[in-house]
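Hello,

Here is the structure we talked about. Please have a look at it before you read my notes.

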Amino acid sequence: KPITTDMETLTREVKKFATDKKLEIEMLQVREEYRREFLGNVSHELKTPLFTVQGYLSTLIDGAMEDKSIRKKYLKRAEKGVERLIYIVEDLDMITKLESGDLNLEFSDFDIVDLIQNVFDLLEMKADKKKITLSFENYHIQPTFVNGDKDKIQQVVENLIVNSIKYGKIGGSSEIAIVNLTPKKVLVRVTDNGEGIEKQNIPRLFERFYRVDKSGSRSEGGSGLGLAIVKHIIEAHKEKIYVESEFGIGSEFSFTLEKMAHS
Ligand code: ADP
């Protein structure tokens, strides 16, 4: 760089350098804070299932092993804990990829009606356990081709239906519908008549690790990452996600997708 003799230019350059450095430092500080918070949340989320597994294994070692029926019950519970850990780690992996922009979407045309049927098949047992009826408003409709990353959209649909079961009431319902918005857009909507969400909590639902009910006493495990993943995937598709909910009445989550002409 040539040596600047002009005092004014020099002062400006020094100032600019100082501001740039300050901004850089501030950005690093924000990043560090974010990293610390993320790690804190991760270890917090992992602790509960880890302690559960440890608890059952210790009880077995301390003598519960002798009783055949208890042995099986406790091993099953420990297995459930490990399953939860796997879900959490998978969600963490996904959110890390999504947040760092590392996720390459693979676009293709696929039938969303067929995808929803597959998700229903996957989740039927889970719904049955809570006597929740899964219904597909337009199950009789023609195949509806949309464009997007099929696996990721399947994850979105799965997360939304899983939530409608988790936060649904026993004997309740979870209904999915496909609505034609325009000739080029469809809306996929998941409606439940479950516990609903209080108004003041709605804006925070899509934050990672956010949960309305933080008490560990609730049997419904989760990582608090499901909706953050959903939002990232939909936004990566440049589509929109909506939520409407009434506390004690139920919730409705919906998102848009690009519809293909040949459907
Ligand atoms: P989690 O793993 O806790 O289910 P999510 O990110 O999927 O995490 O959801 C965040 C929170 O939003 C949940 O903990 C729950 O409080 C609330 N929530 C999500 N879906 C529903 C729903 N269908 N009905 C009521 N509350 C919901």
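Below are notes on the ligand site and on one glycine.

This is a predicted model: local features need pLDDT of at least 70, side-chain atom pairs count only at pLDDT 80 or more, and totals for chains, interfaces and linings use all residues. Residues are numbered from 1 along each chain as its sequence is written, and side-chain values use heavy atoms, with hydrogens and water left out.

Ligand site. The ligand is surrounded by 19 residues (a heavy atom within 4 Å of it). K166, Y167, D192, G224 and L227 are the closest. By class, the shell has eight nonpolar, seven polar and four charged residues (Ala, Val, Leu, Ile, Met, Phe, Trp, Tyr, Cys and Pro count as nonpolar, Asp, Glu, Lys and Arg as charged, the others, Gly among them, as polar). At least two shell residues come from each of α4 (150-166), α5 (226-236) and β7 (250-259) (DSSP runs numbered from the N terminus: helices H or I, at least four residues; strands E, at least two).

The side chain of N163 places an N or O atom 2.9 Å from a ligand oxygen. For V212, a polar backbone atom is 3.2 Å from a ligand oxygen. The protein buries 98% of the 530 Å² that the ligand exposes when taken alone (Shrake-Rupley method, 1.4 Å probe).

G172. This residue sits in the loop between α4 and β4 (173-182). G172 counts as buried because its relative accessibility is 3% (buried means under 20%, 1.4 Å probe, protein chains only). Beyond neighbours within four places in sequence, G172 contacts K131, I132, T133 and N193 (heavy atoms within 4.5 Å).

Best wishes

Methods: Polar contact = N/O pair within 3.5 Å; in protein donor to acceptor, adjacent residues only side chain to side chain. Buried < 20%, exposed > 50% of the residue type's maximum accessible area, 1.4 Å probe, protein only.
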